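Thanks, everyone. Please have the sequence and the model up on your screens. I'll keep this quick.

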Amino acid sequence: MSHAPTMLASWARAIRNALAAAGVDSAPLLEAAGLDPAALADREARCPVAATDRLWALAVRATGDPAFGLAVARHTDHKTFHALGYAIDASATLGDAFERLRRYLAVVTEGFTLATARDAQHFTCRIELPAGIATRPAEAVDAFALVIVRLCRTLRGRDYRPLAVRLQRAAPADPGPFLRAFRVPVQFGAPDNAIALDAATLELPVEGANPELARASDALAARYLERRDEVDVVTRVRHALAVQLPAGEPAQARIAAALKLSPRSLQRRLAEAGTRYSTLLDATRRELALQHLREARHNLGEIAYLLGYTDASSFTHAFRRWTGVPPSQYRPDRNPR
């Protein structure tokens, strides 16, 4: 895809809540993953898929739980997924709900896509990776697969079970948690990640369906995706800056060319998103500087170079403006101002 893929911060919030339930302090893991804990309270916030995947890896390591993805799924509900969650809850049939999930999945995450197939007896929903993403943590797939099954149970009753669940991941030493979660034996090492359902259940009317609420939520989801396009230009600019800064401070025209936009179009779209190029340049440098100092792999001269500064003194001056202290005195355990 043309920009760094993102997902709702509510996914990271669900991971944080599952960590808390397991007795693990999430704060250092969020910091190590490059995620701002304060942003998790914002219902509109989005996180890079790559950062969330780092959090998945850190969380699984900290808990030692190969079924951690299933625990995370249990910390989600319709509110986790913005307007899409409400639209699904109000759907007239399970088939309508799956069509909404497929159509508006990007509201929730750009880390997966859905492909569906149907014959007279079976409906199959495959969890796939979009172009540009080579792999995702197995636990993220586990969580999303169970979220889909939980969606079915919300609409068709808590006893609903799929016909089959296939996961590409290796079989865990103890498959018991998967059997209890999905209520059918899971095929591990499968050729795809997929859930098969009884096709006949897709057209049964859902008790308590609310077509008016579903249509209103559809409209909200569509508008969210339109607004996200404006936000995405911010994400794309910051990603392009991170790539190009080691070659020196890039001019706005150079970043515009990287995004296949004219400088005027980029300026207009940033204004629509409520920001400016100079603001994003400064914010990206600050974020990268803090990351490099936390990792402690480079000296100050090297960090200045990576951020596109001509010398270390320029970097020091900027860092003092950002945090109130020079980089030589910055401690990762002290929150920068």
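I'll go through helix packing, aromatic rings, charges over rings, and then a few single residues.

Ground rules first. This is a predicted model, so local features need pLDDT of at least 70 and side-chain atom pairs count only at pLDDT 80 or more, while totals for chains, interfaces and linings use all residues. Residues are numbered from 1 along each chain as its sequence is written, and side-chain values use heavy atoms, with hydrogens and water left out.

Helices and strands are DSSP runs, numbered from the N terminus: H or I of at least four residues for helices, E of at least two for strands.

Helix packing. Two packed helices are described by the angle between their axes and the distance between the axes. Here axes are lines fitted to C-alpha atoms, for helices over the stretch in contact, and angles between N-to-C directions run from 0 to 180 degrees. Under 35 degrees counts as roughly parallel, over 145 as roughly antiparallel, 65 to 115 as roughly perpendicular, and the rest as oblique.

Start with H5, residues 82-89, and H6, residues 94-108. Their axes lie 9 Å apart, at an angle of about 175 degrees. H5 and H6 are therefore roughly antiparallel. Contact means heavy atoms within 4.5 Å. H5 brings His82, Leu84, Ala87 and Ile88 to the contact. H6 brings Ala97, Arg100, Leu101, Tyr104, Leu105, Val107 and Val108. By class, the contact has nine nonpolar residues, one polar and one charged. For those classes, Ala, Val, Leu, Ile, Met, Phe, Trp, Tyr, Cys and Pro are nonpolar; Asp, Glu, Lys and Arg are charged; the others, Gly among them, are polar.

Now H1, residues 9-21, against H3. These axes come within 11 Å and cross at roughly 10 degrees. H1 and H3 are therefore roughly parallel. Ala12, Ile15 and Leu19 of H1 meet Thr52, Leu55, Trp56, Ala59 and Thr63 of H3. That contact has six nonpolar and two polar residues, with no charged ones.

On to the rings. How many aromatic pairs does the structure hold? Ten. Rings of Phe, Tyr and Trp (its six-membered ring) pair if their centres lie within 6.5 Å; planes under 30 degrees apart are stacked, over 60 edge-to-face, and the rest tilted.

Tryptophan 56 is in H3, residues 49-63, and phenylalanine 68 is in H4, residues 68-73. They are twelve residues apart, and the pair links distant parts of the chain. Both residues are buried. Buried means under 20% relative accessible area, exposed over 50%, partly exposed in between (1.4 Å probe, protein chains only).

Another edge-to-face pair is phenylalanine 319 and tryptophan 322, at 6.2 Å and 75 degrees. The two are three residues apart in H14, residues 312-323, so about one helical turn separates them. Phenylalanine 319 is buried at 0% relative accessibility. Tryptophan 322 is buried too, at 8%. Ring pairs link Tyr309, Phe315, Phe319, Trp322 and Tyr330 into a cluster.

Tyrosine 309 also has a charge over its face: arginine 285, at 4.0 Å from the ring centre. Arginine 136 does likewise over phenylalanine 112, with its charged end 4.6 Å from the ring centre. The criterion is NZ of Lys or CZ of Arg within 6 Å of the ring centre and within 35 degrees of the ring normal.

Single residues now. Leucine 155 is in H7, residues 138-156, and is buried at 7%. Beyond its neighbours within four places in sequence, leucine 155 contacts Ile88, Asp89, Thr93, Leu94, Ala97 and Val206.

Is arginine 169 buried or exposed? Buried, at 13%. Arginine 169 is in the loop between strand S5 (164-166) and helix H8 (176-182). Arginine 276, in the loop between H11 (263-272) and H12 (277-295), is exposed at 58%.

Last, backbone. Most residues other than glycine have a negative phi. Histidine 82 has a positive phi of about 60 degrees. Histidine 82 is in H5 and is buried at 7%. Arginine 183 also has a positive phi, near 65 degrees. Arginine 183 is in the loop between H8 and strand S6 (186-187) and is partly exposed at 30%.
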